Amino acid sequence: MTVLGGSKPPATGGVGHAEFDAAMKQARECTACVTALPRELWPHSLFVFLVNDRVTTTGAAVRSVIAGVVMYESEFQLIRDWEVLRDFNIVLEKRTLRRDEAPLRAADADNLNLLSESAVNFLKQNLEILELPYSQPEITLVAAVVPAS
């Protein structure tokens, strides 16, 4: 096929193209919600997890909990559900989100994947801090809030 002037049409990507298919596969595998906020409002990366027990016959009163992992500089800290809510509420109290300019650049996706994997590993190693009655805990990343650059 040729276009006006005898040149070939520009190459387009879509279903069936390796890069597009790889991007779609990656998007389907990640069920977490990711958002970037201005660094002045949100200076550290936060990963929010749902933790539940794979074994459902224990009769535990607590079926699932929310936990957060915050990255401060180069170290992680585990925070409980109420601390995640507190941190979100602090941002909402500033009431500047609608007036703030959109971040210029969101976080790097490859770096975000590495950070989230590290956060999962940190949570697995520190689950005992939450004192959960789970025999086989299952961890699911549900959200990430990262500072934009």
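Colleague: In this predicted model, which residue of strand 5 is the bridge partner of Asp-53?

Modeller: The model is predicted, and in it strand 2 covers residues 45-53, while strand 5 covers residues 137-148. These two strands run antiparallel and are joined by eight bridges. Within that pairing, the partner of Asp-53 in strand 5 is Pro-137.

Colleague: What is the order of the strands in the open sheet?

Modeller: The open sheet has five strands with mixed pairing, and their order is 1-5-2-3-4.

Colleague: Which strands stand at the edges of this sheet?

Modeller: In the order 1-5-2-3-4, the strands at the edges each have a single partner strand, so one side of each is left without a neighbour in the sheet. Neighbouring strands of the sheet are turned by 25° against each other on average, when direction is ignored. The edge strands are strand 1, residues 33-38, and strand 4.

Colleague: Is strand 2 largely enclosed by the rest of the structure or largely open, and how many of its nine residues are buried?

Modeller: A residue counts as buried when its relative accessible area is under 20%. Strand 2 is largely enclosed by the rest of the structure, because the number of its nine residues that are buried is eight.

Colleague: Which element gives the most residues to the largest nonpolar core?

Modeller: The largest nonpolar core has 20 residues, and those touching the most other members are Phe-47, Phe-49, Val-51, Val-69, Leu-78 and Leu-123. Strand 2, strand 3, strand 4, helix 3 and strand 5 each supply at least two residues of this core. The element that gives the most, with five residues, is helix 3.

Colleague: Is Asp-87 buried or exposed?

Modeller: Asp-87 is found in helix 2, residues 81-94, and, leaving aside residues up to four places away in sequence, it touches Trp-42 and Ile-79. The cut-off for a buried residue is under 20% relative accessible area. Asp-87 has a relative accessibility of 18%, and therefore it counts as buried.

Colleague: What arc around the axis do the buried residues of helix 2 cover?

Modeller: The buried residues of helix 2 are Glu-83, Val-84, Asp-87 and Val-91. They lie on the same side of helix 2, because the arc that they cover around the axis is only 110°.

Colleague: Which exposed residues are carried by the face of helix 2 turned away from its buried side?

Modeller: Helix 2 lies across strand 2, strand 3, strand 4 and strand 5, and runs at about 100° to strand 4. Among the elements that cover its buried residues are strand 2, strand 3 and strand 4. The face turned away from that buried side carries the exposed residues Trp-82, Leu-85 and Glu-93.

Note on methods
Residues are numbered from 1 along each chain as its sequence is written. This is a predicted model: local features need pLDDT of at least 70, side-chain atom pairs count only at pLDDT 80 or more; totals for chains, interfaces and linings use all residues. Side-chain values use heavy atoms; hydrogens and water are left out. Buried means under 20% relative accessible area, exposed over 50%, partly exposed in between (1.4 Å probe, protein chains only). Helices (H or I, at least four residues) and strands (E, at least two) are DSSP runs, numbered from the N terminus. Two strands pair if DSSP finds at least two bridges between them. A nonpolar core is a set of buried Ala, Val, Leu, Ile, Met, Phe, Trp, Tyr and Cys residues joined through side-chain atoms within 4.5 Å. Contact means heavy atoms within 4.5 Å. The arc is that of the directions from the helix axis to the C-beta atoms. Axes are lines fitted to C-alpha atoms, for helices over the stretch in contact, and angles run from 0 to 180 degrees between N-to-C directions.
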